[in-house]
Amino acid sequence: MQFDRKALDRLLMLNDKQLELVIRKLATEYGLDLTKLNIDTSNMQELRRALRQADDSTLRGLGEQLKNGRLKP
C-alpha cells in the first residue's frame, strides 16, 4: 500500500466513524492487531492529530509496515 500525503489527506476527510472503519479494515487486511490501541470514535481526534503531524519519512515507514503485515513499535 502506498501511504503518502495524498492518501493521508483523503483519510482525514472522512468522518470519525468512516475513519475508524477504514482503519479496522486495513488492520484486518494487513494482519495487524489493534486491540492494544483502543481505536474507536472517542479517540479519532488524537489519531487525526498524529496523522497530520506525521512527516513523509514516517508515512513511508507506515506504508512499509503495512506492506509487511505488521505494526512495529
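Trainee: Which exposed residues does the face of α4 turned away from its buried side carry?
Mentor: That face of α4 carries Arg60 and Lys67. Exposed means over 50% relative accessible area, buried under 20%, and partly exposed in between, with a 1.4 Å probe and protein chains only. Helices (H or I, at least four residues) are DSSP runs, numbered from the N terminus.

Trainee: Before going on, what are the ground rules here?
Mentor: This is a predicted model, in which local features need pLDDT of at least 70 and side-chain atom pairs count only at pLDDT 80 or more, while totals for chains, interfaces and linings use all residues. Residues are numbered from 1 along each chain as its sequence is written, and side-chain values use heavy atoms, with hydrogens and water left out.

Trainee: What average pLDDT does the protein chain have?
Mentor: The protein chain averages a pLDDT of 80, and 89% of the residues score at least 70. pLDDT is the predictor's confidence in each residue, from 0 to 100.

Trainee: Which elements have the lowest and the highest mean pLDDT?
Mentor: Among the elements of the protein chain, the lowest mean, 77, belongs to helix α4 (residues 56-68), and the highest, 88, to helix α3 (residues 44-53).

Trainee: Back to α4, then. Which of its residues are buried?
Mentor: Leu59, Gly63, Gln65 and Leu66 are the buried residues of α4. They lie on the same side of α4 because they cover an arc of only 160 degrees around the axis. The arc is that of the directions from the helix axis to the C-beta atoms.

Trainee: What covers the buried residues of α4?
Mentor: The cover includes α1 (5-12) and α2. It is judged by contact, meaning heavy atoms within 4.5 Å.

Trainee: How far does α4 reach?
Mentor: With 13 residues, α4 reaches 18 Å from its first C-alpha to its last, close to the 18 Å expected at 1.5 Å a residue. The expected span is 1.5 Å times one less than the number of residues in the helix.

Trainee: And how far does α2 reach?
Mentor: Helix α2 has 15 residues and reaches 21 Å between its first and last C-alpha, close to the 21 Å expected at 1.5 Å a residue.

Trainee: Which residues of α2 are buried?
Mentor: Leu19, Glu20, Ile23, Leu26 and Ala27 are buried in α2. Their arc around the axis is only 130 degrees, which puts them on the same side of α2. What covers them includes α1 and α3. The face of α2 turned away from this buried side carries the exposed residues Leu21, Lys25, Thr28 and Glu29.

Trainee: Which salt bridges does Glu20 form?
Mentor: Glu20 forms one with Lys17, the closest N and O atoms being 3.6 Å apart, and another with Arg24, where the closest N and O atoms are 3.1 Å apart. A salt bridge is a side-chain nitrogen of Lys or Arg within 4 Å of a carboxyl oxygen of Asp or Glu.

Trainee: Why are Glu20 and Arg24 separated by about one helical turn?
Mentor: Glu20 and Arg24 are about one helical turn apart because they are 4 residues apart in helix α2. Arg24 counts as partly exposed because its relative accessible area is 36%. Lys17, at 45% relative accessibility, is also partly exposed.

Trainee: How many salt bridges are there by this rule?
Mentor: The count comes to 5. One of them joins Glu29 to Lys25, with the closest N and O atoms 2.6 Å apart. Both Glu29 and Lys25 are exposed. Shared partners join Lys17, Glu20 and Arg24 into one network of salt bridges.

How values were computed
Helix = DSSP H or I, 4+ residues; strand = E, 2+ residues; numbered from the N terminus.
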